[in-house]
Amino acid sequence: MLGGTVITITGRNLVHATSVNAKERTEVPPPPTVDISGFGCTILTATPDEVVCETMPGNSGTRDLVLKYQGTEEQGQYDSMCTGSCRFTFSSSLTPAITMFQP
């Protein structure tokens, strides 16, 4: 199993602030989840322009990468649009590996 690669996803409006009352108080909804063809990616940081995550273990190969958002109760969960390369390759050359350990 390969994984442990930190990846950076850039774009626009990746994380949204929403108005919750007439006084314009805002709260930040949960960040999107990152799905790499069924393999997760743990969110490390998330801003409107950038999401950084660490890949979970996965089998080698190239997979589609999608940001998933939780909408309103009526909307349910929805996916981001992709413009550009939205694929990730699990590769042993990108997976952290211990080559030596000394006490």
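Visitor: How many bridges join strand 4 to strand 5?

Guide: This is a predicted model, in which local features need pLDDT of at least 70, side-chain atom pairs count only at pLDDT 80 or more, and totals for chains, interfaces and linings use all residues. Residues are numbered from 1 along each chain as its sequence is written, and side-chain values use heavy atoms, with hydrogens and water left out. Helices (H or I, at least four residues) and strands (E, at least two) are DSSP runs numbered from the N terminus, and two strands pair if DSSP finds at least two bridges between them. Strand 4 and strand 5 run antiparallel, and the number of bridges joining them is three.

Visitor: Which residue in the turn between strand 4 and strand 5 has a positive phi?

Guide: Asp35 has Gly40 of strand 5 as its bridge partner. Strand 4 and strand 5 form a hairpin with two residues between them, and the turn residue with a positive phi, of about 50°, is Ser37.

Visitor: Which residue in strand 6 stands opposite Cys41?

Guide: Strand 5 and strand 6 form a hairpin with three residues between them, and these antiparallel strands are joined by five bridges. Within strand 6, the residue standing opposite Cys41 is Thr55.

Visitor: Is Thr55 buried or exposed?

Guide: Apart from residues up to four places away in sequence, Thr55 touches Gly3, Gly4, Thr5, Ile7, Ile36, Gly40, Cys41, Phe88 and Phe90, where a contact means heavy atoms within 4.5 Å. Burial is judged by relative accessible area with a 1.4 Å probe and protein chains only: under 20% is buried, over 50% is exposed, and anything in between is partly exposed. Because its relative accessible area is 3%, Thr55 is buried.

Visitor: Which residues form the aromatic cluster?

Guide: Rings of Phe, Tyr and Trp (its six-membered ring) pair if their centres lie within 6.5 Å, and planes under 30 degrees apart count as stacked, over 60 as edge-to-face and the rest as tilted. Phe39 and Phe90 form an edge-to-face pair, 5.4 Å centre to centre with 65° between the planes, and this pair links strand 5 with strand 9 across 51 residues. Phe88 and Phe90 also form an edge-to-face pair, 5.2 Å centre to centre with 90° between the planes, and both of these residues are buried. The one cluster is formed by Phe39, Phe88 and Phe90.

Visitor: What share of the contacts between residues at least 6 apart in sequence joins residues at least 24 apart?

Guide: The protein chain has zero helices and nine strands, and 24% of its 103 residues count as buried. Among contacts in the protein chain between residues at least 6 apart, the share joining residues at least 24 apart is 61%.
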